[in-house]
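Here's a quick tour for anyone meeting this protein for the first time. Have a look at the sequence and the model, then read on.

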Amino acid sequence: LVLLKEFYKLAERGEIMWSDIMAVMEIKSSKKSRKDAERQIARYAQCIFNAQPGRRFVIALTILETEVTLWIFDRSGAVSCEPFDIHKKPELFVRIILASLYFDEEQLGYDHTIYRKKDEEGRESSFIKVAGVEYKVKCIYHEPGIKGRGTVCYHGESRIKDKKVDVVIKDSWVDVARR
């Protein structure tokens, strides 16, 4: 199962891509499938990180029979809560589901410094503001995978005093253990 952004637009487009997925859930009918579910959810997180270069973390759930585990994947790896039984703690499961539905994008792991709006041609584009200057940006490189610095490089363009300015903006996530 996946949590999607702008479902109606995706339905019109007729396909769902990894760049559209906000959170994931893997459901298995047996607790014997624990390792398979953990590997699968990690692959999903990696696909999301690869398709969404500025993503800071990914929220995921595994459900094995009646056992639920909440996962957070970031550039240092993954951390999970203590598994709980959905029948013994249904309110906790409902809180997790409702929270993920009502979280804003930053709470779901999106980089709040990158925002979307219409550019001068009226097209939806990404922008970053650095030192008070707004740049229209396009990703030119991003580090694949989960573990690491998650380096993303953007080509940025702006107008400063009616002069076109092109820059490269480098963003990376630093694990405190690797400073």
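What you're looking at is a predicted model, where local features need pLDDT of at least 70 and side-chain atom pairs count only at pLDDT 80 or more, while totals for chains, interfaces and linings use all residues. Residues are numbered from 1 along each chain as its sequence is written, and side-chain values use heavy atoms, with hydrogens and water left out.

The C-alpha atoms fill a box of roughly 65 × 45 × 25 Å, taken along the principal axes. The secondary structure comes to three helices and 11 strands; these are DSSP runs numbered from the N terminus (helices: H or I, at least four residues; strands: E, at least two). Of the 179 residues, 36% count as buried, where buried means under 20% relative accessible area, exposed over 50%, and partly exposed in between.

Now for the inside. The largest nonpolar core has 14 residues, and Val-24, Ile-41, Val-58, Ala-60 and Phe-73 touch the most other members. Such a core is a set of buried Ala, Val, Leu, Ile, Met, Phe, Trp, Tyr and Cys residues joined through side-chain atoms within 4.5 Å. Strands E2 (21–28), E3 (57–64) and E4 (67–74) and helix H2 (34–51) each supply at least two of its residues, with H2 giving the most, at five. A second, separate core of seven residues includes Met-25, Ile-63, Val-68 and Phe-93.

There are also three aromatic pairs. Rings of Phe, Tyr and Trp (its six-membered ring) pair if their centres lie within 6.5 Å; planes under 30 degrees apart count as stacked, over 60 as edge-to-face and the rest as tilted. Here are two of the pairs:

| Pair | Centres apart | Plane angle | Type |
|---|---|---|---|
| Trp-18 and Tyr-44 | 5.9 Å | 35° | tilted |
| Trp-71 and Phe-73 | 6.0 Å | 20° | stacked |

Trp-18 sits in the loop between helix H1 (7–13) and E2, while Tyr-44 is in helix H2, 26 residues apart, so the pair links distant parts of the chain. Trp-18 is partly exposed, with a relative accessible area of 33%, whereas Trp-71 and Phe-73 are both buried.

How values were computed
Buried < 20%, exposed > 50% of the residue type's maximum accessible area, 1.4 Å probe, protein only.
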